[in-house]
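I am opening a notebook on a structure that is new to me, and I will write down what I look up as I go.

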Amino acid sequence: MLSLAHREEAWIQKYATPRPKDDPLVTSASQNSPNSHIDLLHKYLKVAPYLLPNAPAVVAPYIWHTDLHAGNIFVQKGKISSVIDWQGLWAAPLILQARHARLVDYNGEVILKAPANFKDLEPAEKTRIRGLMSSSILLYLYEKQIAQDIPLLDRVLRFDHGRIRCEPILFVGDTWDDEIIPLRESLIRVER
């Protein structure tokens, strides 16, 4: 976690060249200022030791497929026969990588059964609720299966403020070429 920030700072100090102020590609004064990046990286370095839990299994490196969706999963005779698209693979702490598969990723209201007045609803509202129910049930079943089969992953997915604590680590490595704002916003969320 610390080496990412140190590497970014060293790169910025050596190679970062601000664009002219009238350049239309300059998105913000802070994005164009090496000192703004370095100041923010120093703020990150102050909180970084506290971001990840002291849980060896959670911070141990794991291999994680970063693009798991129906198009990358092949099924034959009701069983997964292969998974493709592994080029984004890397080994990193499980807590940084673990996500719900896009297949079941759902952040809306969890509705596991139709409301009592479902029959009286307008067709468009019925369709919307059916979609919510479908996504909710799929997520519910996925999480129950994960809890049963992979308790460590279930623990990581339920880690208190997990995404908020991990985002700065994910954004710190390339602020000059990508953008400084996601790192700044993620540190603000950590502070809150």
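**Strands, then helices**

Entry one. I began with a strand pairing in this predicted model, and I found that valine 75 has isoleucine 80 of β3 as its bridge partner. Stepping back, I noted that strand β2 (residues 73–76) and strand β3 (residues 79–83) pair in the antiparallel sense, over four bridges.

Entry two. I turned to a helix pair, since two packed helices are described by the angle between their axes and the distance between the axes. For helix α2 (residues 34–47) and helix α8 (residues 181–191), I recorded an angle of about 35 degrees and axes 11 Å apart, and the crossing of α2 and α8 is left-handed. On the α2 side, I listed Leu40, Leu41, Tyr44 and Val47 as making the contact, and on the α8 side Leu183, Arg184 and Leu187. Sorted by class, the contact of α2 with α8 has six nonpolar residues, one charged residue and no polar ones.

I looked up helix α5 (residues 123–149), whose 27 residues reach 39 Å from the first C-alpha to the last, close to the 39 Å expected at 1.5 Å a residue. I then asked which residues of α5 are buried, and found Ile129, Leu132, Met133, Ser136, Leu139 and Ile146. Looking for what covers the buried residues of α5, I noted that the cover includes α6 (151–157).

Conventions: Residues numbered from 1 in each chain as written. Predicted model: local features only at pLDDT ≥ 70, side-chain atom pairs only at ≥ 80, totals over all residues. Heavy atoms only, no water. Axes fitted to C-alpha atoms, helices over the stretch in contact; angles between N-to-C directions. Helix = DSSP H or I, 4+ residues; strand = E, 2+ residues; numbered from the N terminus. Left-handed = near helix turned anticlockwise from the far one by under 90°. Contact = heavy atoms within 4.5 Å. Nonpolar A, V, L, I, M, F, W, Y, C, P; charged D, E, K, R; others polar. Pairing = 2+ DSSP bridges. Expected span 1.5 Å × (residues − 1). Buried < 20%, exposed > 50% of the residue type's maximum accessible area, 1.4 Å probe, protein only.
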